[in-house]
Amino acid sequence: MNYENIKNVQKIQEYVTNMRPAFNKRAVFSDETEDYRTPFEPEPGDLVHIKIRTKKNNVDMIYLVFEEQREVMQRVSSKDGFDYYEAVIPVGTETVRYYFEIYSGKIQCFYNRFGVVKEIDEHYSFGIVPGFKTPEWAKGAVMYQIFVDRFCNGDPSNDVVTNEYAYISAPVQHVDDWNRPPQAMDVRDFYGGDLQGVWDKLDYLQDLGVDVIYFNPIFVSPSNHKYDIQDYDYIDPHYGKIVNDGGDPLNWGDQENAHASKYIKRVADYENLEASNEFFARFVEEVHKRGMKVILDGVFNHCGSFNKWLDRERIYEHQQGYEKGAFVDASSPYRTFFRFHNENSWPYNTFYDGWWGHDTLPKLNYEDSPMLYDYIMKIARKWVSPPYNVDGWRLDVAADLGHSNEYNHQFWRDFRKNVKEANPNAIILAEHYGEAKSWLEGDQWDTVMNYDAFMEPITWFLTGMEKHSDEYSEGMLGNSDCFISAMKYHMASFYAPSLMTAMNELSNHDHSRFLTRTNHKVGRVGQLGSEAASEGINKAIFREAVVMQMTWPGAPTVYYGDEAGVCGFTDPDNRRTYPWRQEDHELIAFHKAMIAIHKENKELLTGSLKFLTNDYQFLSYGRFTNQEKSVIVINNSEESKTVELSVWELGISRIRDSHFTQLIVTGDFGYSLIKKVHVCKGGVLRLVLPSHGAMVLKHSKNNGVKVDR
């Protein structure tokens, strides 16, 4: 080819480049869902098909970049104005991180979880963990958290009685008024809720649409929260069955629990313990018959000073069938379960490690005790196996367990192996604040309670409040840019199997009730009083949050009573009783409607997420698969708002008019389930949103009428 021909070819290439439409970065999309990666949860040795979408005829070349390799992607299909590119890569046993390198004319850019970017940040790379699977039932499952003592009293015969024993230097008491708000030092106040009460309300939970019941701890423990386990082998008879009662409460002024004969009879008598376990097994069987699951709370970092291994309260010292506790006797078989610091203090050695220095919460000493390790692994298997068949564990303060980070990770690897061997379909879900990526590599936890990528960003955006109601920030309220950035950053710490099962809560037993956060009151019940928690609340903002909760990737988790309008500052005020016969029935009906929308639309369970238009106090996003597409719109301002959304970004044709059906709309006016139809023209949807409003719309398939252009 001569020089003139070369010049002509260059001119033609320049002409083609100049004629191509500008690079449309909003059309580019890929993620880790099954539409863009198959198999979704590959095994070692699988060939994995990875796809990316661009605007039609808009790019010259795309590379899949992984493990220091670059694979040219091939265009495999075109549809509705988009091109789809694919590459096939083998996976071994190691995690594969990948992103995309895109060339369009003179433009070179990259695509990762953040979107189209000029430079690569490994934090946002996509990832494949061969062999990592989370239970199918947990992906998008609707969970319901129950703090048992405050949910429903179904069996008054097992209630804690006033003065039954002493806890933290004072006698416990039974609260006779179910509707009394929690008081200071609520930890030793008991309202009488139990497992029979939950059984009595299974019809209610089933009608609400609950898939999974998550219990705060239910093992033998002296506090109402039960995060100070006394006996991991048994359900607390105060929650289960007391078939052999007797003994007496403490005399007034006596705080020596060795004298608490009624308590000792109830929690140390094996007839009561076995009866409670048998009752729990029947309870789980009934839950399973209804198509629901059960998750237990596992507190394995520390136990309680009442624990039979330590026995600081001398509950078990003279009971038949129990070994001497390590507090009582230096020769106790459980001595290595704890770290003692004064070898000359037995009997009754008070010098042991407590979690954060609390002697009521003795730290478990795994590194020095193979026996303790074996015991807890046995417990891990026991409750997910017959006859109990529990469906998983929620792990309390999981990152704190052990005396070193290295041991912590090894413990959870072993824990996972034990649980999954006993019940491959059980979930392992951890409490964790902050970056959890190192535990979510497929060999330890399945997922986490989703504070960073759900509760906190949503709370700041909709209320401007910190999740304890300890701070209000005007700059965070309605700041959708901050919300999107926070969500993108924290969601990038999850691989897709973990993200789709993450526990997405608005409230729980450790933080203020979300409905209370809508009043912007900073403080706690001790300084503000119980009544302040329900003053100035805004149910419309709460309904916005519920819409987001039921349309966000993960497992939406309702904290008991939230759906009935329960308010409360952070604990103990967030642990109020469920208001039976005083429920907010409109809020319950709204939750039921949103749960139904969540469960009836597959894209809300396992579909892709894409942010659309956003502004101050305004946010919109899509959840979609190749076949199903929904749009969610949030107007958190005090005025109605007219918006235009480029919904073509969800894979909707721009050359046909199409329709969206409004599934629900909520706002200051209330809410409506009237299925209004909205016409989408040229891939753009125009909507009018009410103040403090939210709307969920579903794209109607095969209803488009082709229009001339």
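Which residue meets R576 in a salt bridge, and at what N to O distance? I took this as my opening entry, working throughout on a predicted model.

**Entry 1: R576**

I found the side chain of R576 in a salt bridge with that of D573, at 2.9 Å from N to O. I then looked up the burial of the two partners. R576 has a relative accessibility of 15% and counts as buried, because the cut-off for burial is under 20%. D573 is buried as well, at 0%.

**Entry 2: the whole structure**

I ran the search over the whole structure and recorded 51 salt bridges. Side chains of opposite charge can pair when their charged atoms come close. I followed two further pairs in detail.

**Entry 3: D186 and R150**

I noted a salt bridge between D186 and R150, with 3.1 Å between the closest N and O atoms. This pair connects distant parts of the chain, its residues being 36 apart. D186 lies in the loop between β12 (173–174) and β13 (189–190), whereas R150 lies in the loop between β11 (143–146) and β12. Are these residues buried or exposed? I recorded D186 as buried, at 2% relative accessibility. R150 is also buried, with a relative accessible area of 0%.

**Entry 4: D368 and R339**

I looked up the salt bridge of D368 with R339 and found the closest N and O atoms 3.2 Å apart. D368 counts as partly exposed because its relative accessibility is 41%, between the limits of 20% and 50%. R339, at 30%, is likewise partly exposed.

**Entry 5: helices α8 and α13**

I turned from charged pairs to helix packing. How do helix α8 and helix α13 pack, and at what angle? Helix α8 (residues 451–463) packs against helix α13 (residues 539–551) at about 145°, and the axes are 11 Å apart. I noted the crossing of α8 past α13 as right-handed. On the α8 side, the contact is made by F454, I458, L462 and T463. On the α13 side, I listed I541, E544, A545, M548 and Q549. By class, the contact residues comprise 6 nonpolar, 2 polar and 1 charged.

Conventions: Residues numbered from 1 in each chain as written. Predicted model: local features only at pLDDT ≥ 70, side-chain atom pairs only at ≥ 80, totals over all residues. Heavy atoms only, no water. Salt bridge = Lys/Arg side-chain N within 4 Å of Asp/Glu carboxyl O. Helix = DSSP H or I, 4+ residues; strand = E, 2+ residues; numbered from the N terminus. Buried < 20%, exposed > 50% of the residue type's maximum accessible area, 1.4 Å probe, protein only. Axes fitted to C-alpha atoms, helices over the stretch in contact; angles between N-to-C directions. Left-handed = near helix turned anticlockwise from the far one by under 90°. Contact = heavy atoms within 4.5 Å. Nonpolar A, V, L, I, M, F, W, Y, C, P; charged D, E, K, R; others polar.
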